[in-house]
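Have a look at it before reading on.

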Amino acid sequence: MLVLSLMTLYFLLLLAISQELSKSDWMNPASICNASFFICSLAELYNCLVFGTEVSLHGGLLICFFVTVFDVASLFFLLYFRQMKVQRSKLNASVESTTLVRIQVPTSLVLLAVVLGVVTAVLFLKDVRSAVSGPVAGDWNSLMNSYRTASAYSGDDPSVGLSSLSNICFKLLTIFSFVYLIIGFNNIICDGFSIKDALMLLPAAFYAICQLLNGVRLGAIVFVCSCVCCIWILLSINSGWTIRITLGKFIKIVFALVFACFLFWVASWFVGREVTLGPLDYICSYIGYSFVLFDKFLQNPGVASKYFGSETFVALYSSFGRNFGFTNLVSSGNHEFRSWGSIDLGNEYTVFRLWYHDFGFGGTALFSLLTGLFYSNLYEHARMLHGGSPLSISMISYTYLSSGIFSMPLVGKLTSSLFTPTTWFLAISSLFLSEWIKRYQKRQPPMN
């Protein structure tokens with residue numbers, strides 16, 4: 001109880017420091033990281049009071065240390081980059097634009113993305129039903145539960161899970177989702193709500209729906225976090241970075257978080273989970289047990305790495321193994337389940353589990369340092385306008401990859417998203433799409 005209380009206060013202190021140094025910039029990597037760990041520590045504090053789960057001093061100190069290393073690296077680059085930018089602005093007489101401009105997109109391309117979203121959702125539905133052999137008694141929850149069970153224990157059976165066509169469509173939908181997400185919110189902020197701009201947000205909605213249809217709640221939740229990140233950056237740019245959270249805004253944010261937690265609890269039924277706990281107990285159990293799991297991992301690491309970075313680079317190894325026939329490299333990336341007495345803790349161990357398993361204490365500290373520098377660098381470039389347009393590869397990449405920062409207390413998306421061919425493909429494809437849209441915009445006559 002004492003360790004968790006001190007951890008909660010420490011993460012709150014780190015959040016206050018990151019906010020002070022960044023001048024209340026909530027979407028910089030350090031602030032996102034600190035806020036996420038603070039919320040999860042509150043959840044684990046609740047679990048400690050209700051269910052009796054605890055974190056040892058050793059585990060708590062390691063988590064706090066690695067978060068601090070990430071913060072120091074992130075805030076160091078942030079302060080250095082912004083100081084260099086101030087010095088350059090003093091030497092340069094021109095003033096950089098701080099006002100968003102509308103981004104024109106062909107209507108046909110917007111409708112194409114919407115149709116792609118519908119087709120992808122239909123394909124996902126078809127794959128879910130075909131993966132379940134025989135009739136399924138009951139409702140939608142029973143069907144999804146059967147699908148999750150079948151796909152989890154299918155091994156490399158190609159008949160179970162998503163088809164190749166579904167995967168291709170989903171990757172294309174991901175590209176449109178994140179590019180149009182920025183364009184749609186940008187245009188709404190510039191000129192207000194319109195039907196065409198709303199249509200550009202539909203691919204993102206279908207993207208979240210497909211995540212749920214595949215039984216991935218966390219993917220849908222962190223995608224919502226990416227949307228919040230995108231909106232906040234665009235609003236901040238348009239206001240000249242003068243947004244402040246007043247008491248009224250804070251109350252609205254709290255209500256929004258409570259409503260989001262309720263939706264997450266409801267989504268458990270949608271993806272085939274058996275829900276026996278109430279909303280508060282369920283949410284706290286889901287986001288709080290990762291600290292206890294990492295602590296238990298430190299006490300009993302289990303099987304050591306079979307090869308270099310087997311958990312950190314699992315997506316890269318699996319992709320290489322599937323394409324070149326090295327089946328021993330193919331892995332699901334799922335971790336072992338653990339329990340506390342009769343309490344099932346799950347298998348979400350924080351981002352630090354991957355690095356500690358593969359590289360030990362020093363390697364985890366190094367990865368915390370490097371990821372802090374990388375994400376801060378990416379964010380500072382995402383904040384910059386290019387000819388009044390936020391549609392840059394940095395903005396697209398940070399919107400997509402920011403989900404890894406939000407989910408740091410739970411899973412290892414911070415590096416697993418980087419070291420995968422899918423991310424590289426999405427980055428290159430998004431760059432081509434955004435550049436084509438920019439060229440189309442330049443061909444249009446200026447609006448009066």
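Predicted model: local features only at pLDDT ≥ 70, side-chain atom pairs only at ≥ 80, totals over all residues.

Residues are numbered from 1 along each chain as its sequence is written, and side-chain values use heavy atoms, leaving out hydrogens and water.

Let's start with charge. Side chains of opposite charge can pair when their charged atoms come close. Searching the whole structure turns up nine salt bridges, a salt bridge being a side-chain nitrogen of Lys or Arg within 4 Å of a carboxyl oxygen of Asp or Glu. The table includes three of them.

| Pair | Closest N to O |
|---|---|
| Asp25 and Arg383 | 3.6 Å |
| Arg82 and Glu380 | 3.1 Å |

What does the bridge between Asp25 and Arg383 tie together? Asp25 sits in the loop between helix 1 (2-21) and helix 2 (29-51), and Arg383 in the loop between helix 13 and helix 14, so the pair joins parts 358 residues apart in sequence. (Helices here are DSSP runs of H or I, at least four residues long, numbered from the N terminus.) Asp25 counts as buried because its relative accessibility is 3%, and Arg383 is buried too, at 13%; buried means under 20% relative accessible area, exposed over 50% and partly exposed in between, with a 1.4 Å probe and protein chains only.

Next comes Arg82 with Glu380. Arg82 is in helix 3 (residues 57-91) and Glu380 in helix 13, so this pair ties together parts that are 298 residues apart in sequence. Both Arg82 and Glu380 are buried.

Arg353 belongs to helix 13 and Glu311 to the loop between helix 11 (279-299) and helix 12 (314-324), 42 residues apart. Arg353 and Glu311 are buried as well. Salt bridges with shared partners join Asp25, Arg82, Glu380 and Arg383 into one network.

Now for the helix pair. Helix 13 (residues 352-382) and helix 14 (residues 393-406) pack with their axes 9 Å apart, at an angle of about 140°. That makes helix 13 and helix 14 oblique to each other (angles under 35 degrees are roughly parallel, over 145 roughly antiparallel, 65 to 115 roughly perpendicular, and the rest oblique).

Last stop: Phe255, in helix 10 (residues 247-270). Phe255 is exposed, with a relative accessible area of 60%.

Notes: Helix = DSSP H or I, 4+ residues; strand = E, 2+ residues; numbered from the N terminus. Axes fitted to C-alpha atoms, helices over the stretch in contact; angles between N-to-C directions.
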